[in-house]
Structures are given as structure tokens and as C-alpha cells.
Amino acid sequence: MAIPFTKMHGAGNDYIFIDCMSDKTKIKNPAELARQMSPPHFGIGADGIVLILPSSEADARMRMFNADGSEGKMCGNALRCIGRFLYERGYTGKTALVLETASGIRRLWLKLKGGRFVSALAELNCTAVFRPKVFFPLKVGQFVSPVPPVFAFPVPTFCHRYEIARCTSCFSV
């Protein structure tokens with residue numbers, strides 16, 4: 001059986017995206033398919049496969065399978081690729097999307113120029129470094145809001161004492 005797919009990457013994470021939005025494409029064993037399609041010399045070569053599925057709670061749902069066949073909960077780079085896929089294939093004309101993942105609902109914002117896709121911004125959970133009342137992003141392009149951390153532990157440095165905390169509202173470009 002031939003399976004149409006699109007290979008895309010986001011910041012180096014390359015996945016094989018399979019459009020399952022209609023009843024035409026049904027994947028019976030996605031874990032095995034990921035193991036078969038992912039090897040670079042004997043398959044297509046990718047970090048895994050991502051199924052793009054309809055959702056009753058969001059604009060679409062993703063299921064992600066790593067190259068070894070294990071199912072992942074979510075990948076921010078794959079989310080951004082799905083946003084582009086949905087927009088360019090005509091599944092949506094919106095620039096603010098809601099996507100269902102195994103780790104919960106994620107929001108995604110598309111940037112367009114002249115009606116063409118330019119980039120995407122995905123809502124993620126991330127780790128932030130901060131001193132009391134001062135928040136610092138770990139990477140350029142991330143925004144960390146001052147929400148109470150889920151956990152925190154001190155990290156001594158030569159000049160300052162920082163804490164590593166997991167926050168719940170962080171966005172990555």
C-alpha cells in the first residue's frame with residue numbers, strides 16, 4: 001500500500017508527516033511504520049513519523065512515533081511543521097491554531113506575509129533560569145512569564161546564585 005507523506009523539519013528535527021485528516025489514509029500500526037520508514041539507509045530517513053489527525057477538541061491532533069517505534073507525547077518543532085502543513089494544504093485559513101497532543105492542548109501562531117507561510121510560534125512547557133523577580137530566557141526567541149514554578153533548585157555560579165525552574169507558559173520560535 002502506498003502511503004503519501006511529506007517530509008519536513010523544524011530546527012533540525014525531521015519527521016515524516018502523514019495526512020490522516022480524511023478516511024483515505026488509515027495507519028494500522030504506526031509504531032512499526034515508524035521503524036520501517038525512519039532508517040536513513042533503508043527507509044526515508046527521519047527522527048520518526050507524525051500522524052496528522054482530526055480532533056473533536058482542536059483544529060487537529062498529532063500522534064508522534066520515534067524512529068524506534070516508541071510514541072512520543074509532543075515535539076514543538078513537529079507542532080510548527082503541522083501548522084504550516086494545515087495552512088498550506090487548506091485545512092485552515094486561521095493563523096491562531098489549537099493542536100491536540102498526547103501531552104495536552106497546545107496553541108500555535110502562524111506568521112504570514114502576503115498570505116504565505118513565514119514561520120510559526122508554538123506554546124511549550126520549558127525550563128527557565130531566573131533570579132528572584134528577574135526572569136531570563138534560556139534561548140533567544142523564548143518568553144518566560146513570571147508564574148510560580150512547578151519545581152525549583154539552586155544553581156551556584158561564580159557571581160550569582162540562580163535557580164532552575166520549570167514554568168508552564170513559555171513560547172519558542
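This is a predicted model: local features need pLDDT of at least 70, side-chain atom pairs count only at pLDDT 80 or more; totals for chains, interfaces and linings use all residues.
**View 1. The aromatic pair of Y15 and F17.** A pair of aromatic rings is described by the distance of the centres and the angle of the planes. For Y15 and F17 the ring centres are 6.4 Å apart and the planes stand at 70°, so the pair is edge-to-face, given that plane angles over 60 degrees are placed in that class. Y15 is buried, its relative accessible area being 5%, and F17 is likewise buried, with a relative accessible area of 1%.

View 2. Because D59 lies in the loop between β3 (48–53) and β4 (60–66), while K94 lies in the loop between α2 (76–88) and β6 (96–101), the pair ties together parts that are 35 residues apart in sequence. D59 is partly exposed at a relative accessible area of 25%, and K94 is also partly exposed, at 40% relative accessibility.

**View 3. The salt bridge between R63 and E71.** The closest N and O atoms of R63 and E71 are 2.9 Å apart, and the two residues form a salt bridge. R63 counts as partly exposed at 26% relative accessibility, as does E71 at 39%.

View 4. The side chains of R84 and E88 meet in a salt bridge, with 3.0 Å from N to O. Both residues belong to helix α2, where they are four residues apart and therefore separated by about one helical turn. With a relative accessibility of 35%, R84 counts as partly exposed, and E88, at 47%, is partly exposed as well.

**View 5. Cysteines without a disulfide.** The count comes to zero disulfides, and C75 illustrates the reasoning: the closest cysteine sulfur to that of C75 belongs to C81 and is 8.0 Å away, which is too far for a bond, since a disulfide requires the two sulfur atoms to be within 2.5 Å. C75 is buried, with a relative accessible area of 9%. Another cysteine, C20, also counts as buried, at 6% relative accessibility.

Terms used: Residues are numbered from 1 along each chain as its sequence is written. Side-chain values use heavy atoms; hydrogens and water are left out. Buried means under 20% relative accessible area, exposed over 50%, partly exposed in between (1.4 Å probe, protein chains only). Rings of Phe, Tyr and Trp (its six-membered ring) pair if their centres lie within 6.5 Å; planes under 30 degrees apart count as stacked, over 60 as edge-to-face and the rest as tilted. Helices (H or I, at least four residues) and strands (E, at least two) are DSSP runs, numbered from the N terminus. A salt bridge is a side-chain nitrogen of Lys or Arg within 4 Å of a carboxyl oxygen of Asp or Glu.
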